[in-house]
Amino acid sequence: MLAYNKRGIAPEGGTVLEGRLRTILIVGGGTAGWMTAAALARKLAGTGIGIRLVESAEIGTVGVGEATVPHIRFFNATLGIDEADFMARTQATFKLGIEFRNWARRGDSYIHPFGAYGTEIGGLPFHHHWLRMRAAGLDHDIEDYSLPIQAARRDRFDHPADDPQSLFSTFSYAYQFDAGLYAGYLRGYAERLGVERIEGKVVDVELGGEDGFVRSVTLDRGLRLEADLFVDCSGFRGLLIEQALHAGYEEWTQWLPCDRAIALPCPSDGPLTPYTRATAREAGWIWRIPLQHRVGNGHVYSSAFLSDEEAERALVEQLESPPMAAPNRLRFTTGKRRRQWIGNCVAVGLSAGFLEPLESTSIHLIQLAIGRLIDLLPVQGWEPLDADEFNRLMDVEYERIRDFLILHYHATERDDTPFWTHCRTMKVPDSLAWKMKLFRERGHVATYRDGMFLEPSWIAVYLGQRVMPRRHHPLAEALPEEDLRERMRRMREACRAAAERMPAHDAFLKILAPQPARAAG
């Protein structure tokens, strides 16, 4: 049983937090903990600031984030990680986007790509020209104008080009990897840079009597660990940020009703697809994430509409091969902490909040929090405005991702189950309702300086889920129809030809990082 106290013990000279930052303690390992440790160790090398991480081998990790978004490449690059070595050590595959099946209607399929649709014409986003030609009877899908989608549909992959004039510069990519192996990989990296790992369970948290800052944590074996800055990576429990500091939790289940998940790996039974798949089901959705050594599968669902037994049966029935392990069951409440930085404690990962992995944002939110922490790191002293700014920035990111996820559920025509009827008819946040209205009325995508999802992402989900604008931009009429028709034909042909020239994804992986043959069971 965890105990918390406020003994108000402070060293001579006042609070330990006055003056220079000397020590950082990360509570919890897993992906969040070791990403934090690796990034801080790299950034603070040579400063004399000590970094320790406490975790218990007896406490399992959720293992979130097997699928990622392109930002992870820049995190790895900042650490100086070699891509081929990283992919071999984490059994990673490449990812060009996410395929969504059965979301607007049963039988539908679209891919949210990591890249652009077509090219601007006359300074106007391509989708307006596509909408104009669609109204004129051109029946080509907007996917025909996306190189990453055309490559993904063919199970092909190649690295993007740096030349902005090249069609190969119009896309990006991410990874699909074993989250446990990634955490272990980063642990080795961090320890080589001097991070000290301490084994143990936290059983007591000591807070200061005057300022309420965290003074120390005590482990089950009696060891007391002090630090100037604490990073809470303890997962859903939020040992420091919630159980000790009572940050509060803002719940979003009224818009994102799924509250449970079952994960179940199986051997691969086919080519390694360079994309993640999310298939809508009776009361949620099933993911498929192909890795080099296995396929990650999971069912995210609402317990208000589906029993645990029904959810597990639905997952097992669609596996491509027999499961490799017992099911891993998860319960969660979608939302975020009301404050993710309090005093000298910063929450990173699941301790800060949870948004279901529909758009592979779990690791991205970890990365964002680490980046914001480094930007605002109180190296020379503590300023409340740093925490305020961190909380403001993370609130914005969580809320904009929240809206993007809600769009997937709300923009549906399905009425075949009570769950989908609920999602289709529910009242959505005003911020999303405004975005949807803008697009329905005039095809305009609301964009912001902050927020990870750019215009092509919103276009992919709007059009993929049958949210069609009533009109296109009037400037799309400037080009003669025959000229526009020909330009679009050339774009389609270029995307098709470029995709067909790419190597098969399997073959590219073997060239990059040769692997032993995958086990059949």
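This briefing describes selected helices, strands, ring pairs and core residues of one structure.

The model is predicted: local features need pLDDT of at least 70, side-chain atom pairs count only at pLDDT 80 or more, and totals for chains, interfaces and linings use all residues. Residues are numbered from 1 along each chain as its sequence is written, and side-chain values use heavy atoms, with hydrogens and water left out. Helices (H or I, at least four residues) and strands (E, at least two) are DSSP runs, numbered from the N terminus.

**Helix H4**

- Helix H4 covers residues 126-135, and eight of its ten residues are buried; buried means under 20% relative accessible area, exposed over 50%, and partly exposed in between, with a 1.4 Å probe and protein chains only.
- The buried residues of H4 are Phe126, His127, His128, His129, Trp130, Leu131, Arg132 and Met133.
- Their cover includes helix H11 (430-442), helix H12 (455-464) and helix H13 (481-501), where contact means heavy atoms within 4.5 Å.
- Just after H4, glycine 137 has a positive phi of about 105 degrees.

**Aromatic pairs and charges over rings**

- The structure contains 31 aromatic pairs. Rings of Phe, Tyr and Trp (its six-membered ring) pair if their centres lie within 6.5 Å; planes under 30 degrees apart count as stacked, over 60 as edge-to-face and the rest as tilted.
- Phenylalanine 126 and tyrosine 145 form a tilted pair, with 4.9 Å centre to centre and 50 degrees between the planes.
- This pair links distant parts of the chain, 19 residues apart: phenylalanine 126 is in helix H4, and tyrosine 145 is in the loop between H4 and helix H5 (147-153). Both phenylalanine 126 and tyrosine 145 are buried.
- Phenylalanine 439 and tyrosine 462 form a stacked pair, at 4.2 Å centre to centre with 10 degrees between the planes.
- Phenylalanine 439 lies in helix H11 and tyrosine 462 in helix H12, so this pair ties together parts that are 23 residues apart in sequence.
- Phenylalanine 439 is buried, with a relative accessible area of 0%, and tyrosine 462 counts as buried at 1% relative accessibility.
- A cluster linked by ring pairs holds Phe86, Phe94, Phe157, Tyr173, Tyr175, Phe177, Tyr182, Tyr185 and Phe508.
- The charged end of arginine 402 sits over the ring of tryptophan 252, 4.9 Å from its centre; a charge sits over a ring if NZ of Lys or CZ of Arg is within 6 Å of the ring centre and within 35 degrees of the ring normal.
- Arginine 73 lies over the face of phenylalanine 74, at 5.4 Å from the ring centre.

- Strand S17 (residues 295-301) is largely enclosed by the rest of the structure, because seven of its seven residues are buried.
- Val295, Asn297, His299 and Tyr301 point one way from S17, while Gly296, Gly298 and Val300 point the other way.
- Strand S14 (residues 260-263) pairs with S17 in the antiparallel sense over four bridges; two strands pair if DSSP finds at least two bridges between them. Isoleucine 262 has histidine 299 of S17 as its bridge partner.
- Strand S16 (residues 284-290) runs antiparallel to S17 and is joined to S17 by seven bridges. Tryptophan 285 has valine 300 of S17 as its bridge partner.
- S16 and S17 form a hairpin with four residues between them.

**The three-stranded sheet**

- An open sheet of three strands has the order S13-S19-S22, with antiparallel pairing.
- Strand S13 (249-251) and strand S22 (353-354) are the edge strands, each pairing on one side only.
- Helix H9 (residues 384-410) packs on the sheet and touches S19 and S22; its direction makes about 175 degrees with that of S19. Axes are lines fitted to C-alpha atoms, for helices over the stretch in contact, and angles run from 0 to 180 degrees between N-to-C directions.
- Two bridges join strand S19 (residues 335-337) to S22, and lysine 336 has glycine 353 of S22 as its bridge partner.

**Nonpolar core**

- The largest nonpolar core has 166 residues, of which Ile24, Leu186 and Tyr409 touch the most other members. H9 gives the most to this core, with ten residues.
- A nonpolar core is a set of buried Ala, Val, Leu, Ile, Met, Phe, Trp, Tyr and Cys residues joined through side-chain atoms within 4.5 Å.
- Not counting residues up to four places away in sequence, the contacts of tyrosine 409 include Trp103, Trp285, Phe419 and Trp420.
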